[in-house]
Structures are given as C-alpha cells and as structure tokens.
Amino acid sequence: MHIVLVEPEIPGNTGNIARLCAATGCHLHLVRPLGFSVEDKYLKRAGLDYWHLVDIHYYDSVYAVLEKYKDNPKYFLTTKAHSSYADVQYAQDSLLIFGKETAGLPETLLHEYPESCIRIPMIEDARSLNLSNSVAIVAYEALRQNGFANLTLYGGEYK
C-alpha cells in the first residue's frame with residue numbers, strides 16, 4: 001500500500017502518518033513543497049523512534065508519483081467526491097493520495113481522475129477531518145480488505 005501526501009503542511013500530521021506507515025508497512029511518498037523541514041522536531045517527535053521502519057520517498061510533483069506507479073490503482077481523497085472510501089475494492093499496491101491540510105488536492109488533478117475520487121462520509125456542516133486521521137481511516141480499510149497482509153493480527157498473552 002502506498003500513502004501519498006501532496007504538499008503536506010503540518011509536521012505533526014506527517015509524523016503521525018509516518019508512524020502509521022512504519023507500523024503497517026505502507027510506503028510513504030511526500031510531494032514537495034513540504035510546509036516544514038524534514039529535520040523539524042515536531043515531525044520527528046510525532047514519528048517517535050519508528051523512522052528507521054519507514055520506507056519514504058520524495059518527489060517534486062504528484063505527476064512524478066503517478067508516472068512511476070502508472071499501473072497501480074489510484075484513489076484521490078477529497079471532500080468533493082461522490083463515492084465513499086468504503087465502496088472501493090483496494091489492491092495491495094493501491095496509491096492513496098491525500099492533499100495538503102489547508103486546500104486538499106488541486107482541482108485540476110481531481111478533474112483528471114473523477115472516477116478515482118473518494119471521500120470519507122461526514123456531516124454536511126463539517127469541512128474536513130484531520131489529515132492523519134483520514135489517512136488512518138482509509139489505510140486501515142484498504143489493509144483490512146487485503147487481510148492485513150504481513151501484519152501481526154494478535155498480541156501476546158497477558159502476564
């Protein structure tokens with residue numbers, strides 16, 4: 001599974017998402033410009049000591065990611081979509097593409113892939129969910145559909 005963040009702005013969100021990627025084996029793709037330095041203390045703190053487990057890649061354009069993974073299923077998360085994330089059948093190599101916190105994904109991109117745009121249902125008056133929460137919701141649904149491949153399903157015994 002691939003998590004793509006297009007121009008993320010808040011280091012704490014990206015750090016939380018990096019930690020999710022580390023814990024699930026999802027690949028993290030960051031599209032510049034980033035709204036923070038990768039040396040940011042809030043980014044590092046949110047990711048805790050999991051950074052060595054994160055498979056992270058940087059790009060200068062979302063189109064570079066789309067070209068590199070042109071044969072992978074792609075899903076663009078947006079509040080403007082008419083389809084729910086829960087109605088999608090995810091493949092193990094799907095790209096889950098999220099926009100920046102203040103503006104989401106560029107509308108030109110959404111118009112290029114209207115059949116691949118999905119949303120997380122919420123009440124009409126809510127503008128959006130937190131980016132790291134949104135990534136977790138969709139990523140775990142995609143992982144669930146794929147049988148949580150390569151993840152430990154059950155913990156150890158209580159002592």
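**Exercise 1.** Are α1 and α5 roughly parallel or roughly antiparallel to each other?

*Solution.* The model is a predicted one, in which local features need pLDDT of at least 70, side-chain atom pairs count only at pLDDT 80 or more, and totals for chains, interfaces and linings use all residues. Residues are numbered from 1 along each chain as its sequence is written, and side-chain values use heavy atoms, with hydrogens and water left out.

Step 1. Helices are DSSP runs (H or I, at least four residues), as are strands (E, at least two), numbered from the N terminus. The axes of α1 (residues 11-24) and α5 (residues 131-145) come within 9 Å and cross at roughly 20°. Axes are lines fitted to C-alpha atoms, for helices over the stretch in contact, with angles from 0 to 180 degrees between N-to-C directions.

Step 2. Angles under 35 degrees count as roughly parallel, over 145 as roughly antiparallel, 65 to 115 as roughly perpendicular and the rest as oblique. The helices α1 and α5 are therefore roughly parallel to each other.

**Exercise 2.** Identify the residues through which α1 and α5 meet.

*Solution.* Step 1. Contact means heavy atoms within 4.5 Å.

**Exercise 3.** Which residues touch the most other members of the largest nonpolar core?

*Solution.* Step 1. Such a core is a set of buried Ala, Val, Leu, Ile, Met, Phe, Trp, Tyr and Cys residues joined through side-chain atoms within 4.5 Å. Buried means under 20% relative accessible area, exposed over 50%, and partly exposed in between (1.4 Å probe, protein chains only).

Step 1. Of the 30 residues in this core, I3, L5, L28, Y90, L96 and F98 touch the most other members. Helix α5 gives the most to the core, with six residues.

**Exercise 4.** Describe the backbone at P33, F148 and N150.

*Solution.* Step 1. Most residues other than glycine have a negative phi, and most peptide bonds are trans.

Step 1. R32 and P33 are joined by a cis peptide bond, with omega about 5°. P33 lies in the loop between β2 and α2 (41-47).

Step 2. Phi is positive at F148, near 50°, and at N150, about 70°. F148 is partly exposed at 24% relative accessible area, whereas N150 is exposed at 82%.
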